[in-house]
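Please find below a colleague's note on the model under review. The points follow the structure itself.

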Amino acid sequence: MSSTEQDTAALRGSVRRIVAETPITDLHTHLFSPDFGGLLLWGVDELLTYHYLLAEVMRVSDLPYEKLWTLSTREKADLVWQHLFLDRSPISEACRGVLTALNRLGLDVASRDLAAYRAFFEAQTPGQHVDTVFECANLKDVVMTNDPFDPEEHPLWMAGFERDPRFHAALRIDPLLNDWGTTVEKLKGWGYNVEPGLGDATRAEVRRFLSDWIVRMKALYMAVSLPPDFVMPEDSPRATLIAECVLPVAREHNIPFALMIGVKRQVNPALQLAGDGVGLSSVDCVAHLCARYPDNKFMVTMLARENQHELCIAARKFRNLCLFGCWWFLNDPSLIDEITRMRFELLGLSVVPQHSDARVLDQVVYKWAHSREVIANVLADKYADLTATGWVLDETEIQRDAAKLLGGNFWNFIER
Ligand code: FIX
Ligand code: ZN
């Protein structure tokens, strides 16, 4: 090996170590702290019945779709284990993820002993297990997805509880923006004087509703997922609600509005939560929002691979736009590699390269292990290109950069 090759290998090793050692803030998950009781999902049966894996198992099983939903969680897990792990090698990213999580939690993956894995999790308590998983994933804190329209979650917030400081809230408002017709009745039931017509008085009441929940949850940001045909501006309840309610309230509380764009809900309703798809969206409306509302902060992720380049260019134009994550069907090593490389080349370090979207606590172990590896490799390539120019980097600078990517950029954007 030449001395240059040796230097590059050493640099690569340092970057991997530093990225692994940098604690993470995970800015979008579907996790809950143990205070939320049954809403916190964890353990091997939940890992195996993740909706990504249910979609995969239904491709290879002959089970009628409607039969799947009559099975218990354990029976569904057995089905997935048999078809996706025993009858064929588990090479998909979602399958591999289960194995990485079990392995990193100290279980013997070679044994293929599902009963032993179940016994391990049965011996844990949720509180203990949160500590174990946070340590194993080197996670500092996470942002939940908190939906005031969820019948299980709503009463918990209303009753109030002691907060686990590692779990931050995000106010999720999909029903408000995507189904105003139904939401209007719910708001009325909670004492907000709203009418379907969205006149001035109704808009003021929607603003009051949003403010109340931001304060109640101490929400770091508001968030919505949107279909590929989302447009702004337009003459629709959603566009009116965004322009006249969400954005003014976000400005008042100085919090970002997160838009997750490109999900085609229920392409196959028989698959329930696993039945959503993807479509190409418009980046123009993101640019419109950033330009028209310069005093608002926008966090944006898009689901279609084909939207990523245009979205990077939009982010070059607007400092009030924070790009984040490789969302859902993009959370695969080859796509994270491609997207992260493009983002670094176009935006330098001013992005949040990843979030986990974990629904099951143990998933943060694998999602972050896999993403860290890709991010470190891409970063190491970029540093190698820099050193080839004669630029010299020291470890503290690599630590500084990794800290920005894995949490610092998000917190700076929140505090801006
Ligand atoms: O809308 C979202 O936040 C999506 O991430 C989820 O609804 C989706 O089901 C998911 O879990 C993706 O990873
Ligand atoms: Zn999500």
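1. Helices (H or I, at least four residues) and strands (E, at least two) are taken as DSSP runs, numbered from the N terminus; the expected span of a helix is 1.5 Å times one less than its number of residues. The model is predicted: local features need pLDDT of at least 70, side-chain atom pairs count only at pLDDT 80 or more, and totals for chains, interfaces and linings use all residues. Residues are numbered from 1 along each chain as its sequence is written, chains are lettered from A and ligands numbered from 1 in the order in which they are written, and side-chain values use heavy atoms, with hydrogens and water left out.

2. Overall form. The chain contains 18 helices and 9 strands. Its C-alpha trace spans about 70 × 55 × 40 Å along the principal axes. The radius of gyration (over C-alpha atoms; the globule rule is 2.2 Å times the number of residues to the power 0.38) is 22 Å, in agreement with the value near 22 Å for a compact globule of 416 residues.

3. Of the 416 residues in the chain, 54% are buried, that is, under 20% relative accessible area, where exposed is over 50% and partly exposed in between (1.4 Å probe, protein chains only). Contact means heavy atoms within 4.5 Å. Among contacts between residues at least 6 apart in sequence, 77% join residues at least 24 apart.

4. Helix 8. This helix covers residues 126-137. Its 12 residues reach 16 Å from first C-alpha to last, close to the 16 Å expected. The buried residues are His129, Val130, Val133, Phe134 and Ala137. Asn138, which follows helix 8, has a positive phi near 50°.

5. Nonpolar core. Such a core is a set of buried Ala, Val, Leu, Ile, Met, Phe, Trp, Tyr and Cys residues joined through side-chain atoms within 4.5 Å. In the largest, of 150 residues, Leu210, Met222 and Phe257 touch the most other members. Helix 17 contributes the largest share of this core, 12 residues.

6. Zinc site. The zinc ion (ligand 2) is coordinated by His28 (NE2), His30 (NE2) and Asp357 (OD) at 2.0 to 2.1 Å. Donors are N, O and S atoms within 2.8 Å of the metal (3.2 Å for Na, K and Ca); water is not among the atoms, so sites may look incomplete. The donor spacing in sequence is H-x1-H-x326-D. His28 is buried at 3% relative accessible area, and His30 is buried at 16%.
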